[in-house]
Structure formats: C-alpha cells, structure tokens
Amino acid sequence: MNAPAVINEFAKMRHLKVGVFGLAMVVAVVALALFALVSNPDVDLGDSSAWNALLAGMSLGIPLVSPLLLAVLASRQTDMEHQGNGWLLQATSGLTPGGLCRAKFMALGLVVAVLTVVQSLLVLLAGKVLAGILPPAPLGHWAGFTLCMLAVNLVVLAMHILISAKVENQLVALGIGVLGTLLAVFSQGLPPVAAHLTPWGYYSLALAADYDVSEYVTLPLAYPSIAALTLVAALLFTVFTSRFDRQEA
Amino acid sequence: MGAFNAELLKLKRSLSWPVVVLLPVSLVLMGAATQLAQGGQPDDGWHTVWVQSVGFYGLFPLATGIAIIGSLVWRCEHRGSNWNALMSGPTPTLHIVVAKGLVIAGLTAIMQVVLLISVILMGKLGFGLPGMLPGQYVGITVLLALMALPIAFLQSALSMLIRSFAAPIAVALVASGISVVALNVVGDAALASPYALVTRTALLGTGTFSDPGSVTAGDLIPILAAAVFLVLALVVASTVILERRDTRV
C-alpha cells in the first residue's frame, strides 16, 4: 500500500463535501430503520422481534441510499483527475493510474467503512435508548449484517471508482448508480439466483430481517455468496487496476 | 429561439438517450419482474402495473433522472473555456436560463412518453391484460411532463452553480427523500418543493403514500398553482444569479 498516496487522497477530499454526503447516508438509513419500528403497530417493544423491525428498516434503507451516494463519492474523487489531468501528473511523479485508483479505494473505503459501522451502531443505540426495546439485541446477527453490508458497499465503491476512472463522462457512472439503486431495491422481490447476477443484488442477499404475515422475522444472511462476491471483486479490481498501470497516461 | 436551437445542437452525441430511454424502461421491467417471476396476472390489472412502476418512479428515480440530464446539459459549459464563452457571449442571460431549463424539461417529457409506452407494452405483452391503460393515466403522464418543469429549472440552476457532475444528483436524491417524508407529514404544504411536486403528481390516483386514490379538482389545483409559482420564481432567481457571475481565469 502506498501510504503517502492514500494520505494525499484524504487531502484531495477538501471541498468535496464527503462529510455532507456521508451524513446524508447515515441519517437516511437511521431514519428509515426507526420509521420501520414506529410505523408498525404490531411491534411489541418487550419482544425481541422489535430488533428485527430495525434490521428490516436498515435492510431496505441501505440499498435505497447507498448505491447512488457511493457512485457520487467515487465520481467526485475520481473526476478531479480527468478535470486537471491528474493521471499524467501522478504518473510522472511515479504513481501509476492503477495505483492512484487503489489509493482512492483505500481512502474512500475507509470513509465508507466508518459510515457503515456508524449507521449500524446508531440504529442499535436508538433501539436501546430512544425506542427502549427491552430484550437484549441480537448482537451476533447484527454484526454479521453490518459486515455483509460493508462488504457489498465496498464492492460497489470499487466498481464505481473503476467506471469513473475509465469513462470520462460521469453520466455513465451516475446512470449506472441510478440503475444500481433500482436493482438493489427490486432484487428483494426476485428469486435469489437473479440477485447473484449483479453486485447490487447482493444487498438483498444481506437482508437481515423482513415482515412476514404479522411480525418481523430474522432471515439468514447469505455469507458464502457475499464472501464469494468479495473475493471475485478483489480479484477483478486488482486485474483492472494493473491493466490501468499499463496504459499511457 | 436561437439559444434553444444551440442547446439542441449541444445534445448531439451527448449520451442523453441512455437516461431518457433506459431509466423508464428498466423501471417498468423491474417493477413488474416480481409479478412476472411468480407468474399470473396482477390482482388489479392495469392499476397494479401502473402503481408498481410509476408509483416508485415518482419517489426518487424521476428526480435523479432529471438531475442527471441537468448535469449533462450544463457539463459542456463547465469544460475548457466554454464558461468564459458563455459569460462573454451576446446571448441574454434569461434566454440561456430558459433554453437550458426547457431542454431538460423536454428530455424529461420524452422520458415520460417512454414510460407510458413501456407500461402499455408491459401490460399487453408481459401480462396479456385485456383492454387498454385507463385514460386517466395518460392524463397523469401529460401532467407529469408539465409538472417536471420546476424541478428541471431547479436542477438546471444547481448544475449551473456546481461544476461537479455528481453533486446535483446527490442533492436530488436527498431532497426527494426529504420531500416524500414532508408530503406524508404536512400534506400539500410540501408542494413548495419541486421534488414533492413531481412525487405528488406521479402518485395521483395510486392511493399510495399521501394519495387518497381518486383524482379530483381539489388535488389538481394546488399542484398546478405550485408549479406556475415555482417556475416563475426559479427562472427569475437563476437569471439574477447567472447575471452576477463572471468569467473564470
């Protein structure tokens, strides 16, 4: 890992309003999770299924807001290199385009990891303190869900950095971001095979809880599928960024 | 008219068609996918097909689609020395603002036509529904094309002020989310937001969220009044702001 390049990416985030977009992501997910809890009169705060309501709210909220906001974060961090021909500048200072993309992923990935964990912890805290759910929270399932969502978020982020770097017109990246949102939301109603076909579909495989007839129930997380996605994405990201290294800047 | 023709020329090879065609088509396909996967006809015929696609479309995909078109239309002005050419040209500011807004609204109107055709094709070919889409929904499509005018002018203003392609799209997503909540909480008072205006229009007759299910003059008057006021206010504000902008070195 090229630490100075990653630190440089953080320096470039000045004026990019990463904090504002991150805050929007966290607030939207926390609000949707709490909405799932308070909007349903069947939810009993003395029963452990109340936690499932929060998990179900987050399972809907994350696919709804993450794909497009991740596309925006990746696009803004990458588009600046097209605007100021940063690719050439960095290449002549010894940092290849592929290396630059990897540095961007490390920097933004860290931001996304913090955001994903913070939104999950905030919902947990809100469930305990604001809503006052009495039974203990299913911490193991909660942690597994957060990890799965984080993995899918990072895969989508990596893909968007590559798209924004490859295609100068950011319309393509943002258009794919909007279509990704639709895929992420609608995959929940499709058979699991269809959800495996695109990175966004994996949001529905990380569905932690759902409303079933009269109450919220826990759903098993598709750990093997998400692990496989992460591995394939890591491999592809490495291959693509090393291909970028061999291009003329 | 000259400014408008110039804008049309700039649209050539600008990749606006993927947004205009792909977004509504994929939305109708994904909205119907769950039903198609289960087999059988939708319970409430044409009404269900409409609600599944257009009901969701109005919540945020429409606003983000318009935002993408807005960023696309302004993209060329922020590149190279085009901003200075725009500032130093003889075209009156009002003409520039109106031409940009109308081009965005025009592309949005084509998007609504594609949506309508997609819904009809899905009902006929996908589900084999008898009869035709009720005339009420054709009327709503026309109304939706007109009610997109305020949001077109607002996104045009945002893309005029923000040089980043992605940022106005994130603004549209977040503002749509807030507007949906506002519509549910404060009702028609939320129509002060152009995002709430398109959501309210898309939901007309669907009976979902804040919509009562039937379309009456009482529903339409506030929508039309808000649209006229918003367009006038946005055109004046954008013109005043752009008039005070200068060349960039």
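Visitor: What makes β1(A) and β2(A) a hairpin?

Guide: This is a predicted model, and in it β1(A) and β2(A) have two residues between them and form a hairpin. One residue in that turn, V213(A), has a positive phi of about 60 degrees.

Visitor: How do you know that strand β1 and strand β2 of chain A are joined?

Guide: Two strands pair if there are at least two bridges between them. Here four bridges join β1 (residues 209-212) to β2 (residues 215-218), so the two count as paired, and they run antiparallel. Take D212(A): its bridge partner in β2(A) is E215(A).

Visitor: Why is K17(A) called partly exposed?

Guide: Buried takes 20 or more other C-beta atoms within 10 Å, and exposed takes 12 or fewer. K17(A) has 18, so it is partly exposed. You'll find K17(A) in the loop between α1 and α2 of chain A. It isn't a glycine, yet K17(A) has a positive phi of about 60 degrees.

Visitor: And why does N85(A) count as exposed?

Guide: The cut-off for exposed is 12 or fewer, and N85(A) has 11 C-beta neighbours inside 10 Å, so it counts as exposed. N85(A) sits in the loop between α3 and α4 of chain A. Its phi is positive too, about 45 degrees, although N85(A) is not a glycine.

Visitor: What makes up the contact between chain A and chain B?

Guide: Chain A puts in 21 residues and chain B 24. On the chain A side, α2, α3 and α7 each give two or more residues, with the largest share, eight residues, coming from α7(A). By class, that side has 14 nonpolar, five polar and two charged residues.

How values were computed:
Residues are numbered from 1 along each chain as its sequence is written. Chains are lettered from A and ligands numbered from 1 in the order in which they are written. This is a predicted model: local features need pLDDT of at least 70, side-chain atom pairs count only at pLDDT 80 or more; totals for chains, interfaces and linings use all residues. Two residues are in contact if their C-beta atoms, placed from the backbone, lie within 7 Å. Ala, Val, Leu, Ile, Met, Phe, Trp, Tyr, Cys and Pro count as nonpolar, Asp, Glu, Lys and Arg as charged, and the others, Gly among them, as polar.
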